Amino acid sequence: MSYIDDLMQFGLTRQESSIYYSLLSEGMMTGYEAAKASGISRSNTYTALAALVDKGAAYVAEGTPTRYVPVPVEEFCGNKLDYLRNLSERLVEQQPKAHDEDEAYITISGFQNICQKAGRMLDGARYRVYMTGPVSMLELFREKLEQLTERRIKVVLITEPVFELKGAVVYHSDEIEERQIGLIVDSVNVLTGDLSQEQNCSCLYSGKKNLIDLFKQSLSRQIQLIELRQDKKGSCEE
């Protein structure tokens, strides 16, 4: 993503982001100067500048002609994050109660959405985590997995050779599917399916007991097969 695209994640339109970027690059400017620097029409520039002031990304300097001063990006983003954090806490406290999502089969689509769901599941672990996937996939969650082992939570991983994680039980297999992820936390919820950078990837999430039991059985068979092959290999080496 470009710098403009990243700014848009903080509630700015593309034109507002472009003008804010120009202000950050050039410093205090009039509307005319901002329009010239950004290549946006003067009418749209003045509208965007007013919006930047309203959204806390710019200040109006005293004097004539009117000049606009950019709020440092760390201050603008920090203020936005503080606001969203407080808003999030209030929304959580006041959210209406509905049927538990764990009682349904839910399809989660998109790389970022799947990663965020898996991350939330790991954050909520209290007793044990079983996870399977290629090395590239597990590396995405290494920090969270390390935090779990530091908290003395049991972590069992099934992945390709060479991946290691201190404090975790790691089973190595040469038959790990490239794009498949499997995650079960505390025998309470499970996430399984296809994870890749492609837009069409999707996973199934649920707290349904039958899916959890099925997934646990699959993991158990994988582990037994890996242990059996290791025993055979050890016997041959002797």
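Modeller: Start here: Thr159 stands opposite His172 in β7. This is a predicted model, where local features need pLDDT of at least 70, side-chain atom pairs count only at pLDDT 80 or more, and totals for chains, interfaces and linings use all residues. Residues are numbered from 1 along each chain as its sequence is written, and side-chain values use heavy atoms, leaving out hydrogens and water.

Colleague: Which strand holds Thr159?

Modeller: Strands are DSSP runs of E, at least two residues, numbered from the N terminus. Thr159 is in strand β6, residues 154-159.

Colleague: How do β6 and β7 pair, parallel or antiparallel?

Modeller: Two strands pair if DSSP finds at least two bridges between them. β6 and β7 (residues 169-172) are parallel, over four bridges. Strand β5 (residues 128-132) also pairs with β6 in the parallel sense, over five bridges. There, Met131 stands opposite Leu157.

Colleague: Is Thr159 buried or exposed?

Modeller: Buried means under 20% relative accessible area, exposed over 50%, partly exposed in between (1.4 Å probe, protein chains only). Thr159 is buried, at 0%. Five of the six residues of β6 are buried, so the strand is largely enclosed by the rest of the structure.

Colleague: What is Thr159 in contact with?

Modeller: Contact means heavy atoms within 4.5 Å. Leaving aside neighbours within four places in sequence, the partners of Thr159 include Pro134, Leu138, Tyr171 and Ile176. Gly133 is also one of them. The backbone oxygen of Gly133 lies 2.7 Å from a polar atom of the Thr159 side chain.

Terms used:
Polar contact = N/O pair within 3.5 Å; in protein donor to acceptor, adjacent residues only side chain to side chain.
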